[in-house]
Amino acid sequence: LLVAKYFVKERDIIAKLDDALATIEQQLTEMMEENSGEEGLLADVIEGEGDKQKIAAKVVKARLKEIGEDALYEDERKVLTAYADLLEKQTATKAKRKAAQEDLDQKIDAKYLKLTDSEIKTLVVDDKWTPHLSAAVQGELDRVSRTLTGRIRELAERYATPLPVLTAEVATLSVRVDAHLKKMGATWN
């Protein structure tokens, strides 16, 4: 509640950093998938099996150092360099995100101490409970409305045919039943 009311800018910064991290991680995954396998340019630096495959930054740096400036490994060097750049970008973004989260946590802790009684009441009653109760009441109203609508439809279907029409149908059907019973030889008093 405090973040939504007082620290929207900080929350948005963290959300942007989370989005940036997700993008970088997607690029890393795509690059690893495109260049993995026996003939892949990243095959020498992939560790693990199956779904647990990963590439560590130190392994990439070691491989770059190993191949040096050899012209035979030009394509691999380009891919490794691009992957290393993404890893560095990921590390930097994670550090920024962590710092932003710590800054927000400190601001929240400081704000707690400065809250007045009226601000606390506003946060608890207006910002927390009023929307919750409104949603609960609206949900109950919707449920009752659906129940009543269903019951009205049921009654409308039940009483759609007027009583004189039903009486006439019963009389017609009674005559037919009596005729069938007489054919079968049934008698009654």
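Predicted model: local features only at pLDDT ≥ 70, side-chain atom pairs only at ≥ 80, totals over all residues.

Trainee: Is Gln 90 buried or exposed?

Mentor: Gln 90 has a relative accessible area of 12%. Buried means under 20%, so Gln 90 counts as buried.

Trainee: Which residues does Gln 90 touch?

Mentor: Leaving out residues up to four places away in sequence, Gln 90 touches Leu 21, Ile 24, Glu 25 and Leu 28.

Trainee: And how do I describe two packed helices?

Mentor: You give the angle between their axes and the distance between the axes. Here, take helix α2, residues 8-34, and helix α4, residues 74-114. Their axes come within 9 Å and cross at roughly 160°. Angles over 145 degrees count as roughly antiparallel, so α2 is roughly antiparallel to α4.

Trainee: What is the handedness of the crossing where α2 passes α4?

Mentor: That crossing is left-handed. As for the residues of the contact of α2 with α4, they divide into 15 nonpolar, 4 polar and 8 charged.

Trainee: Now another residue: is Lys 121 buried or exposed?

Mentor: Lys 121 belongs to helix α5, which covers residues 117-158. Its relative accessibility is 57%, so Lys 121 counts as exposed.

Trainee: How many Å separate the C-alpha atoms of Lys 121 and Leu 148?

Mentor: They are separated by 37 Å, and the two residues are 27 residues apart along the chain.

Terms used
Residues numbered from 1 in each chain as written. Heavy atoms only, no water. Axes fitted to C-alpha atoms, helices over the stretch in contact; angles between N-to-C directions. Helix = DSSP H or I, 4+ residues; strand = E, 2+ residues; numbered from the N terminus. Parallel < 35°, antiparallel > 145°, perpendicular 65-115°, else oblique. Left-handed = near helix turned anticlockwise from the far one by under 90°. Nonpolar A, V, L, I, M, F, W, Y, C, P; charged D, E, K, R; others polar. Buried < 20%, exposed > 50% of the residue type's maximum accessible area, 1.4 Å probe, protein only. Contact = heavy atoms within 4.5 Å.
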